[in-house]
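Morning, everyone. I have one structure to go through today, so please have a look at it before I start.

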Amino acid sequence: LPARERNGMRFNCLFPAFSSPGKSKEAEIKRINKELANIRSKFKGDKALDGYSKKKYVCKLLFIFLLGHDIDFGHMEAVNLLSSNKYTEKQIGYLFISVLVNSNSELIRLINNAIKNDLASRNPTFMCLALHCIANVGSREMGEAFAADIPRILVAGDSMDSVKQSAALCLLRLYKASPDLVPMGEWTARVVHLLNDQHMGVVTAAVSLITCLCKKNPDDFKTCISLAVSRLSRIVSSASTDLQDYTYYFVPAPWLSVKLLRLLQCYPPPEDAAVKGRLVECLETVLNKAQEPPKSKKVQHSNAKNAILFETISLIIHYDSEPNLLVRACNQLGQFLQHRETNLRYLALESMCTLASSEFSHEAVKTHIDTVINALKTERDVSVRQRAADLLYAMCDRSNAKQIVSEMLRYLETADYAIREEIVLKVAILAEKYAVDYSWYVDTILNLIRIAGDYVSEEVWYRVLQIVTNRDDVQGYAAKTVFEALQAPACHENMVKVGGYILGEFGNLIAGDPRSSPPVQFSLLHSKFHLCSVATRALLLSTYIKFINLFPETKATIQGVLRAGSQLRNADVELQQRAVEYLTLSSVASTDVLATVLEEMPPFPERESSILAKLKRKKGPGAGSALDDGRRDPSSNDINGGVEPTPSTVVSPRGWAIGAWGPPGATPSHLLLRTPSELGCREPPGGRLLRRPSYQGGNGDSSPPPPPRFVCKNNGVLFENQLLQIGVKSEFRQNLGRMYLFYGNKTSVQFQNFSPTVVHPGDLQTHILPLAVQTKRVAAQVDGGAQVQQVLNIECLRDFLTPPLLSVRFRYGGAPQSLTLKLPVTINKFFQPTEMAAQDFFQRWKQLSLPQQEAQKIFKANHPMDAEVTKAKLLGFGSALLDNVDPNPENFVGAGIIQTKALQVGCLLRLEPNAQAQMYRLTLRTSKEPVSRHLCELLAQQF
Amino acid sequence: MIRFILIQNRAGKTRLAKWYMQFDDDEKQKLIEEVHAVVTVRDAKHTNFVEFRNFKIIYRRYAGLYFCICVDVNDNNLAYLEAIHNFVEVLNEYFHNVCELDLVFNFYKASESPASHVQTRTVASRRGRPLPSLRSGLHGRGRDVPGRRDPRDQPDEGAETVADAAVPGVRAANPPPPP
């Protein structure tokens, strides 16, 4: 490397003000303004500045910028520095560019030119600087300009090591930003051979690059397996002094080893027996080394060593084929469980969680149950306790369920608030999954409500109701237990809900006992009534009407309650409506009718536990991994009749839920009775989406054409192939919209690294701003058969033409998958229908008479010309349909306003069908030219 | 994969920030505050790993400075933890007893190094200065948030050297024998 000036500048000399404390903010601003004025005059001055001063002033500007002040000049001087021959000057120039120049600057051409020159300069230092600048900016424009050159530099025979290293990382950066720009070619084969490079820096950089590239094209890089194995084996077996500069506290090349092990996790076990043998030998060496006495007492030494060890264990778990190694790994982790380093205990718990799901090591993991329970009780760090809870959940099976559930219940009493809800879910799932008898299950759930009622989400108590409804043998017990629980002086509202429901359905089973006779049951429930929220009171009202059916002797009392002014004139519409309807029903209907309407609920259809779905939504990684793959416990045909991996839906107890409790999008059914429509519509829309026949025909991963079918409707299946189904449900009001995306995993294998993101193609960026509020909530893992939901909040700021793109990436069985879809957001979604009289319509029509305001299209009908269907489509499109406007009754006339934040676009349309010619003529007039054309095109596709 | 790197002092002032994901300025500020809130309340007996949103923060404290790396949950925790230490050793060697003020005033040198050391993880600079560059992966405006506004606020802390840090052996490490 060329000699460089050391400490070329000292900022505390340049800016004395900043190194002397005690000056006020005003003084700072004053000082900065003075300095800025000075720099400005230097740059503007007649005298040409020499390189050093230019560098100095540009650097000062950068410093001022980093202090939080805006800089609006100096860009040109920075660009000039790029062509300097001095390293420090160039470096400051590049730093300024990376930090301060955005991609649409007009200077970008000059900058690109300077970068090109440096890349071609054959001076390794300059080449590196240029490469770093490309990587730092990392924009699409940079990719377009240079993505083709960098692979060439990377594999050129005469590139210096440092340049190769930078080129590899730069390429990685560009590939991550925009994969389409990096051309694959014969260079890929040569990149793999960089794994053999002499220079460890190059190897490390190459491993990173290959790990990323091979996810997309595993087959192209398959040869890297044997190279990686041999490299790894050389490192692992080397003495601690062999690798000199790359030995870190006596551990040879720890980071490179970790990366190599990660690369191997992208592939299944090597097929070649020799390679596999060598790899297994490596893995064994690492496990052996863990047992050796440490070469240093320093924590760095053991950390580096254990970093490799944990990565080795991940690889062993990934292969899941070597029982011997799996058990050894488990024993090693078992030692760490009691280690004095908190970090190690934490990591051991985390790693063991994945081990528990392997059939080979599940039993070995179970032997550590006492240690883990102890950790749950005594660890000081909440994150460690949480790992312990996760592990207990993962190692649970029928043999230890009772112990684990009772430990978790005990822990719940003292658990941190942050993790209570999760523990509640886990306990609920374990209790259901491994229940031997249902009374134990009911007891457990009621205990949950008693201990942590606030954290028992509706999914949990819905679920217990579903199970009780479906199991005849537990109903009597449930009624009795819940009756007893309700007798506690203070009981949680969730308990009242469960109690209300169960007694309303099965109260008759315990009515024989004088201690729980119908009037006692009623007065017990009614004593809680006034303390409850509206939702609970609504539920209790339903219980009362059910009581009238179950116990005719309570009819008079209950009618009295319903008739009370506080019910019939309740300020809450829901309660009032229920009271009025129930009162009338009870007095009007005959006993037979009453018995039919208020009959016991039919069993719920079996599907995946809604709680499990909730847990998965709540916590992607680690959760439920052991439970829902079913591999470990094939004989699980207990309470739930075996959990089938069907699309998950949150099912509220039918007929009891009011809109407010239902899952988002559930059909609000305020009339709580078994109406035919309700029986016909058992599933909330979220679930039904997945059952719908696919429109897509399951074609491959390539991005499908834009979804014109969503122009006129808001719900449906956006995409489907063999792996994944994406359902969409959206609602729009004025310029706001909310979209629910449901990702269903159709396979039985977990998707990993699942990441849906919404991106905006160029011009849309400024126009529409979909705020993906719950994007972060989408779990990185989607289990087989599970469904995750993502909510997008959309605000339309201006009119726009192209919809945003939804890009979904995930790994399925090691192979990366990605697809890009257009989101079904089109400008007409923000339509607000407007009704107007014929006169008004024509007046406005005439006002919009400029030629560019009108868009017209004459086209052939693609579908049968049915007036009703057309009407529905136009309404779905968003405009109001105006009758009696057009003299020809065959024609359709519509009007609406497109609501955006910035402006409103009035819009009139006319559709003239010609049945004989099977043609349409569509005319649109709006106040904005592009909108007219765009709407016309959108709508024309629909007929 | 690294999502971002932050160096903050105890008062929450950012000394260095590197972003490897696209965030807008408000989001960055929010993340900085959240990370600070999460990390500073933990005591020395706790793990160096904290779950954070859907990611994990690996952090280590040196004197008054917290070095935080935000990574994916399934990344190798210990490797990143040692990468931090390695980076600090490099800084220490480069600045001869590095202290917080070095990072403030020599921003143009410091900003070059982390990515190179974290991403390529070479213990390259035992013999001399760190290789000056290799900042692949840095993107967006590296603008530091207002936290950086006033380096004078913590003169005492700044004077502490990182080398006296909680984790021993920053300087007196057992270096491998020279080649």
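Helix H5 of chain A, residues 75–82, is mostly covered, with 6 of its 8 residues buried. This is a predicted model, so please keep that in mind for everything I say. Which residues of H5(A) are the buried ones? They are A:His75, A:Glu77, A:Ala78, A:Val79, A:Leu81 and A:Leu82.

For context on the chain as a whole, chain A has 943 residues, and 57% of them are buried. Its secondary structure comes to 40 helices and 16 strands. If you take contacts in chain A between residues at least 6 apart in sequence, 69% of those contacts join residues at least 24 apart.

H30 of chain A covers residues 534–550, and H31 of chain A covers 555–563; they pack at an angle of about 150 degrees, with their axes 9 Å apart. Angles over 145 degrees count as roughly antiparallel, and H30(A) and H31(A) are therefore roughly antiparallel to each other. Their crossing is left-handed. On the H30(A) side, the contact is made by A:Leu541, A:Tyr544, A:Phe547 and A:Ile548. H31(A) contributes A:Lys555, A:Ile558, A:Val561 and A:Leu562. By type, the residues of this contact are 7 nonpolar, 1 charged and no polar.

Now some loops in chain A. General point to begin with: most residues other than glycine have a negative phi. A:Arg122 has a phi near 65 degrees, which is positive, and it is not a glycine. Where is A:Arg122? It lies in the loop between H7 and helix H8 (124–137) of chain A. Is A:Arg122 buried or exposed? Its relative accessibility is 64%, so A:Arg122 counts as exposed.

A:Gln918 is another non-glycine residue with a positive phi, near 55 degrees. A:Gln918 is in the loop that connects strand E15 (904–914) to strand E16 (919–926) of chain A. With a relative accessible area of 34%, A:Gln918 is partly exposed.

One more loop residue, A:Leu243. This one is found between helix H14 (224–237) and strand E1 (247–248) of chain A. Leaving out residues up to four places away in sequence, A:Leu243 touches A:Met200, A:Ile235, A:Ser238, A:Pro252 and A:Ala253. The C-alpha atoms of A:Leu243 and A:Ala253 are separated by 7.3 Å, and the two residues are 10 apart along the chain.

Over to chain B. Here 5 strands form an open sheet in the order E2-E1-E5-E4-E3, with antiparallel pairing. Which strands sit at the edges? They are E2 (14–19) and E3 (49–52) of chain B, each of which pairs on one side only. From one strand to the next, the twist averages 20 degrees.

Within that sheet, E4 (residues 55–62) and E5 (residues 65–72) of chain B run antiparallel and are joined by 8 bridges. As one example, B:Lys56 has B:Val71 in E5(B) as its bridge partner. Helix H2 of chain B, residues 77–95, packs on the sheet, and there it touches E1 (2–9), E3, E4 and E5 of chain B. The direction of H2(B) makes about 35 degrees with that of E4(B).

That is what I have for today.

Key. Residues are numbered from 1 along each chain as its sequence is written. Chains are lettered from A and ligands numbered from 1 in the order in which they are written. This is a predicted model: local features need pLDDT of at least 70, side-chain atom pairs count only at pLDDT 80 or more; totals for chains, interfaces and linings use all residues. Side-chain values use heavy atoms; hydrogens and water are left out. Axes are lines fitted to C-alpha atoms, for helices over the stretch in contact, and angles run from 0 to 180 degrees between N-to-C directions. Helices (H or I, at least four residues) and strands (E, at least two) are DSSP runs, numbered from the N terminus. Angles under 35 degrees count as roughly parallel, over 145 as roughly antiparallel, 65 to 115 as roughly perpendicular and the rest as oblique. A crossing is left-handed if the near helix is turned anticlockwise from the far one by less than a right angle, and right-handed if clockwise. Contact means heavy atoms within 4.5 Å. Ala, Val, Leu, Ile, Met, Phe, Trp, Tyr, Cys and Pro count as nonpolar, Asp, Glu, Lys and Arg as charged, and the others, Gly among them, as polar. Two strands pair if DSSP finds at least two bridges between them. Buried means under 20% relative accessible area, exposed over 50%, partly exposed in between (1.4 Å probe, protein chains only).
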